[in-house]
Amino acid sequence: LALGTSDNPHEAELALLQAKKLAERYEIDILSLNPFDENKKERERYDRKDINVGQRRSVCQSFVSYILQNHFNVKIIYTGSRYNGRQIVIIGRESDLQIAQYIQDYLNNEMLRLWHKYQKDYNARCELRNSFLTGIYRGLDTKLKEKKDIFADERIEEIKQEKGAEFGQVIENKFTLMKINNEKQLADEVQRHFPKLKHSYSYNRSSYHSDVVEKGIQAGRNISLRRPLNSGNQNQIDG
């Protein structure tokens, strides 16, 4: 809404159209908002959220981290040791951190709940857990990517129909540049907080059971990410 006051008429119109679309999607009363609050016009600050997880990270954490980094505009850093305690550091814009913390908590609980349900229903052995969790990750990751691509394609197509193919291409290029810029800023923030960061890679040599992975994929595609509002209502993040 603040961008709706831009001196650039194309930017202003696009911003207002997007605000209207979001308001309809999430049932927000636009008239109750104040787009002229000076604080809202400032560039959103990047920050970090440190989460203490004790001596061991959840068995689901690697998959949750992949989802967060692939779809929720944050970077994940693991610090600490099993003797001094482990931490998960999430870096991103303040609004993205709020969503990421919710997703972090929800998915760790939900993925484990789905595994325990599968284990009980099929009398599954513990060694099948990684196959099932891998399937959940693949299913949810694919679902989120499909929805993101569909939304972006539909929005660009709407702009092209309303303003012409040339203007639509300009907007599409702007979205691409915004994504690249955000990735760079995230990388800069990681470097600022962890200037001596070392990357380590671990290879999972577990053998996968294709039928169990497939069951996990089905469960993952059925996950609905919801974030509660202050009012007690819930809005669906992934659509």
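Buried positions of helix 6 include Phe 167, Ile 171, Leu 186 and Val 190. Buried means under 20% relative accessible area, exposed over 50%, and partly exposed in between (1.4 Å probe, protein chains only).

The model is predicted: local features need pLDDT of at least 70, side-chain atom pairs count only at pLDDT 80 or more, and totals for chains, interfaces and linings use all residues. Residues are numbered from 1 along each chain as its sequence is written, and side-chain values use heavy atoms, without hydrogens and water.

Three strands form an open antiparallel sheet in the order 1-3-2. Pairing requires at least two DSSP bridges between two strands. Strand 1 (46-54) and strand 2 (75-81) are the edges. Neighbouring strands are turned by 20° on average, direction ignored. Strand 1 pairs with strand 3 (residues 85-93) over 8 bridges. Arg 48 stands opposite Ile 91 in strand 3.

Two helices pack on the sheet. Helix 3 (residues 61-71) touches strand 2 and strand 3, and its direction makes about 150° with that of strand 2. Helix 4 (residues 94-122) touches strand 1 and strand 3, at about 140° to the direction of strand 3. Contact means heavy atoms within 4.5 Å. Axes are lines fitted to C-alpha atoms, for helices over the stretch in contact; angles run from 0 to 180 degrees between N-to-C directions.

Methods:
Helix = DSSP H or I, 4+ residues; strand = E, 2+ residues; numbered from the N terminus.
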